[in-house]
Amino acid sequence: MQLVELLNRIPVIEIHGENTREVSELVFDSRKISENSLYIALRGTVADGHSFIASSIEKGAKTIVCEDLPGNLDESITYIKVKDSSKTLGHLASNFYGNPSEKLKLIGVTGTNGKTSVSTLLFDVFKNLGYDSALLSTVEIRIGDEIIPATHTTPDIVTINKILAKAVDKGCEFAFMEVSSHGIAQNRIEGLTFKIGGFTNLTHDHLDYHKTFDEYLKTKKRFFDELNENAIAITNVDDKNGNVMLQNTKAAKRSYALKAMADYHGRTLEVDFNGMLLNFNGKEFWTTLTGKFNVYNLLLVFGIATELGFEQDEILQAISILKRVNGRFETFKSDGGIFFIVDYAHTPDALENVLDSINDIRTKNERLITVFGCGGDRDHSKRPEMGNIASKKSTLAIITSDNPRTEDPNQIIKEIEAGVEPQNFSKYTSIPDRREAIKMAIKFSEPKDIVLVAGKGHENYQEINGVKHHFDDKEVINELWKLMSK
C-alpha cells in the first residue's frame, strides 16, 4: 500500500521524505522488520521503541512513525512525526487492512466478569441463526469454523485488523470481541468502529495494573466514551456502575436488568443444575445454562441481538439450544453421584456469584466443597476477600494454588487465609498442591455432594516460577475419580 493512502484521516505533525513510497507491512517490534516495513516507535513500560529506530532502518524499514524525530535524518527514509504513536498505530492498521471494522457489525463486550461468556454465546447464537461470524476472546479466536489459538485477552491492534479483514474476506457480517481493560488502556482497540458496546459489571480486579478502582472504572468507561453517534451502548443497570458507563457516550443508550426498570428485563422462573426457565421481556424459554450470572449474560446477548434487528422469538429459540461455554459453570456428575462444577471464577464477585448460584439450587442436604486459589503477581487486595467468601458460603473451602507465577504459593495462601473470619476457621483447610487439593475434595465428598473447582476454568496449564505446566482441572478430576473409586 502507498504511504499516502495509509495516512488517510491520520493527523500528522510533520513529514520528512517521500509520502508515495510503498509499505509492505506495519511493525512495532524492531526484531520483526523486513524490507519496506513501516516501523512505529512505541513508548512501552519496559522499553522505548524510539531507541530502535536506527536498527530498524538497518534491517530494511523505509518509513518511520515516531513522536520524536532522530537527531540525524537519513534522506532515503521517510519520517512521520505524530503526537501519539500508540493511537496512530490503530488508525494505520485499520487503513492498511481496508478498515474492516467499518465493513462488519463489530460488537465489543467489556466488564469484569462475563466478557468471554457473552462474546462466545453471541458467536454461538448467530451460528444458530445461520450466520458465520468472527469471535475474538480470551479462550479462542474464530472465523466461522476456523479456530485460532488466543494468546492475550485483547490481541494487538494490527492482529485484530488482520483477523477482521480475513472475516470480511470470508463473508462474515458480524464480529464479537471481548474488550479488556488492558486492551483499552494500551490503545489495542484504537481506530476500530464498534456497532454496539456491551457492559456486564464492574468489580475489583486488575488493580495490580490500574492501581486504583477509580482508574479501572475510568478505563472501562473510555470504551463507551469513544463510541460514535451511530453506535449503541447497552449496559447492566443493576450494577451501580452501569449508568456511569453511559454518562459521556455519543452512542444511543440501552439498558438491561433483572431488578431495575430496563429496555431488556429478565426473570428467573425455575432453576436447577440442568438449566433454567427464564422470562425475557414477557417471553418464556428454557436454557441448559444455569446460575444468576448466566441470566445476566443471556439477557445481554438477547439485547444485543435485538438491537441488531433480529426478531425476539428467533433469538430466544437460538439461545435455547446453546451449550455451556468451556470452563464456565461446566457441570458433570460422577458415577458415584458426586456433582462436579468447574468454573473460571477468579475474582471475589465471580466466586460469590457461582457459590450463590449453587446454594440457590442445592437443598442443603448436600455439602458444598470449594477448591480455589488466587493468581500470583496480580491484585493482592482480592485474596482475603475471596478467602472470606469461600469459607462463608461453602461447607468446606480448600485453599490451594492457582497460577502462582513468580510468587511463593504459601505466601499467597496466607493472604487468602487472612480473610477467613473466626467463626469459619473450622470450615477451611489449605493444600498448596492443586492436584492434592482436588484429591482431598473428592476423598471428603459423598454421593450427592457438590465439588466446585474454581479459578482456572478453560485453562489447561498452571504457571509456576514463570514456567507453564500442563494442568486441566477437568482432566485431573476425572483421573483422580477413576483412581480413587477403584
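**Burial and salt bridges**

Author: Both E459 and K456 are buried. The model is a predicted one.

Reader: What makes the contact between the side chains of E459 and K456 a salt bridge?

Author: The N to O distance is 3.0 Å. The limit is 4 Å between a Lys or Arg side-chain nitrogen and an Asp or Glu carboxyl oxygen, so the pair qualifies.

Reader: Why is D449 called buried?

Author: Its relative accessibility is 3%. Buried means under 20%, so D449 counts as buried.

Reader: Which residue forms a salt bridge with D449?

Author: R367 does, with the closest N and O atoms 2.8 Å apart. R367 lies in the loop between α12 and β19, and D449 in the loop between α15 and β22, so the pair ties together parts 82 residues apart in sequence.

Reader: Is K62 buried, partly exposed or exposed?

Author: K62 has a relative accessible area of 21%. Buried requires under 20% and exposed over 50%, so K62 is partly exposed. The side chain of K62 meets that of E35 in a salt bridge, 2.8 Å from N to O. K62 and E35 are 27 residues apart.

Reader: How do you know where the buried residues of helix α11 lie around its axis?

Author: The buried residues of α11 are Q312, I315, L316, A318 and I319. Seen down the helix axis, they fall within an arc of 160°, so they line one face. The face turned away from the buried side carries the exposed residues D313 and Q317.

Reader: What covers the buried residues of α11?

Author: The cover includes α5, β14, β15, β16 and α10.

How values were computed: Residues are numbered from 1 along each chain as its sequence is written. This is a predicted model: local features need pLDDT of at least 70, side-chain atom pairs count only at pLDDT 80 or more; totals for chains, interfaces and linings use all residues. Side-chain values use heavy atoms; hydrogens and water are left out. Buried means under 20% relative accessible area, exposed over 50%, partly exposed in between (1.4 Å probe, protein chains only). Helices (H or I, at least four residues) and strands (E, at least two) are DSSP runs, numbered from the N terminus. The arc is that of the directions from the helix axis to the C-beta atoms. Contact means heavy atoms within 4.5 Å.
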